[in-house]
Amino acid sequence: MIDAVPVLSPVRPRYNMIEASKSDLLRPAGLSEEDNAPVNVDAILQLILGTGSERFGMVAAVLRGERIIAQGAAGVRKRGTAERITLDDQFHLGSCTKAMTATLVAMLVEEGKLNWTTTLGELFADTVKPMHPAWEKVTLRQVLAHRAGLRFEPDGLAQVFSELVRPLRARLGTLPQQRLEIARQALSRPPGIPPDTKYWYSNVGYILAGAVLEHLTGRGWEDLMRERLFQPLGISTGGFGQPGTAGKIDQPWPHCSFVGKPIDPGSPAAQFPLYYGPAGLAHMTITDWARFIALHLRGDPANPHCQAALLKLDTFAELHAVAPTTPYSKGWVMRGITRLANGDAAPAVTYRTGWFISTSSWAKGTQPGDTGRSLWHGGRHGMSHSVVVLAPEIDFAVLVACNHGIAAWKTRQAVKALIRAFAPKQTS
């Protein structure tokens, strides 16, 4: 399944990665912030991958505002081959796509076609019949915050898939038709838990959000992404599904979580149903992904250099607002998941519109009222892994992606290493 970053126990490196080797690793590139050229961090990523660099690969970028101040690539596109990962390679973003879908929703809110408090009853009154009464008052805001009670696992999404995949393939309807059918199936059943009582991660909720966008605009979610996000932001490599050509090593191959076996991008095993797009099927290069992340980094009103683009500052504030702290669904240890992104065991983590939100000491700015709020997310689909962390108060972000399904501990080490190396240092 495509989901957020999985819970992992802390991993202790066998070496003091940054303190012992930062200067040696950065010096050979011959580039610095003062040169306005990104620092080359290939060596840092290579060190983190270790012997794994012959089995898969990784890319990373560090942002200060809209500018990439460090970037790098290491490892191979396919286990057992010599083709190296490059910054021009495209990576599957998994659930990091959710923030993109929420951004499209925000655009329609600004246009007056939607409201954050618009209910599922209002949105699907004409298309979902019969709708279970429990869904009628659930708001769009609750859906995007995973507080709607929409099911995921073990009996929710698996049941939807088992009942839908064969009929959808048999009918071969358009993707908007398929997403609408998923909405009908999901909303005809009672909620897995009472709506707005606790956090319950649901990819189905973002498929429903995609169906809403398509219904209100008459355009497919993929077309909306290209026209309203990719093109305005200058993202030229954005696409959907698994990147790469069947039988060729022209892009990073995905690698199976369990045994690390490389999977041909043209193989059915590498494909995820395309109707799943709004929940997590975008792919692009790390530098193009950084364009989208910069949009949110600079759009946050807490950023001392904030500037509005595509959306108003008030809308970014809504997208990034700290949600109420409530109990979380079984199986999610939120303090543990926070460690994956920033190494801190934050007392509370909430979820908003495609972002986990917590606080971190390293992310605290110097303005009165700064809290160290950070936004982050991870994505995986069993064959790749991505993670991003934004710290608006210090105008800073880190992005990492790799082509192996269980490499979360490696992406975590990379994020922490790059934070330590490049985040603005606190002063007394």
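What share of the contacts in the protein with a separation of 6 or more comes from residues 24 or more positions apart? The share is 68%, where contact means heavy atoms within 4.5 Å. This is a predicted model, in which local features need pLDDT of at least 70 and side-chain atom pairs count only at pLDDT 80 or more, while totals for chains, interfaces and linings use all residues. Residues are numbered from 1 along each chain as its sequence is written, and side-chain values use heavy atoms, with hydrogens and water left out.

**Figure 1. The whole protein has 14 helices and eleven strands.** Helices (H or I, at least four residues) and strands (E, at least two) are DSSP runs, numbered from the N terminus. Of the 428 residues, 57% are buried. Here buried means under 20% relative accessible area, exposed means over 50%, and partly exposed lies in between, using a 1.4 Å probe and protein chains only.

**Figure 2. Ten aromatic pairs turn up in a search of the whole structure.** One of them is Y199 with Y201, a tilted pair with 6.4 Å centre to centre and 55° between the planes. Rings of Phe, Tyr and Trp (its six-membered ring) pair if their centres lie within 6.5 Å; planes under 30 degrees apart count as stacked, over 60 as edge-to-face and the rest as tilted. Y199 and Y201 are both buried. Together with Y351, F356 and W376, these two tyrosines form one aromatic cluster.

**Figure 3. F230 and F240 form a stacked pair.** Their ring centres are 5.8 Å apart and their planes lie at 15°, so the pair counts as stacked. The pair links distant parts of the chain, with F230 in helix α9 (residues 221-233) and F240 in strand β5 (residues 239-240), ten residues apart. Both phenylalanines, F230 and F240, are buried.

**Figure 4. Two lysines lie over aromatic faces: K78 over W253 and K98 over Y206.** K78 is 4.2 Å from the ring centre of W253, and K98 is 5.6 Å from the ring centre of Y206. A charge sits over a ring if NZ of Lys or CZ of Arg is within 6 Å of the ring centre and within 35 degrees of the ring normal.

**Figure 5. Helix α3 (residues 98-110) packs against α9 at an angle of about 75°.** The two axes are 11 Å apart; axes are lines fitted to C-alpha atoms, for helices over the stretch in contact, and angles run from 0 to 180 degrees between N-to-C directions. The helices α3 and α9 are therefore roughly perpendicular to each other. Angles under 35 degrees count as roughly parallel, over 145 as roughly antiparallel, 65 to 115 as roughly perpendicular and the rest as oblique. From α3, the contact uses M100, T101, T103, L104, M107 and L108, and from α9 it uses W221, L224, M225, R228, L229 and F230. These residues divide into nine nonpolar, two polar and one charged. Ala, Val, Leu, Ile, Met, Phe, Trp, Tyr, Cys and Pro count as nonpolar, Asp, Glu, Lys and Arg as charged, and the others, Gly among them, as polar.

**Figure 6. Helices α11 (residues 286-299) and α12 (residues 313-320) cross at roughly 100°.** Their axes come within 9 Å, and α11 and α12 are therefore roughly perpendicular to each other. On the α11 side, L295, H296 and G299 meet L313, F316, L319 and H320 of α12. The residues of this contact comprise four nonpolar, three polar and no charged.

**Figure 7. N403 sits in the loop between β11 (396-402) and α14 (408-422).** With a relative accessible area of 3%, N403 is buried. I85 is 318 residues away in sequence, yet N403 and I85 are 9.7 Å apart in space, C-alpha to C-alpha. Leaving aside neighbours within four places in sequence, the contacts of N403 include F56, R77, I85, W253, H255 and M383.

Figure 8. Most residues other than glycine have a negative phi, and most peptide bonds are trans.
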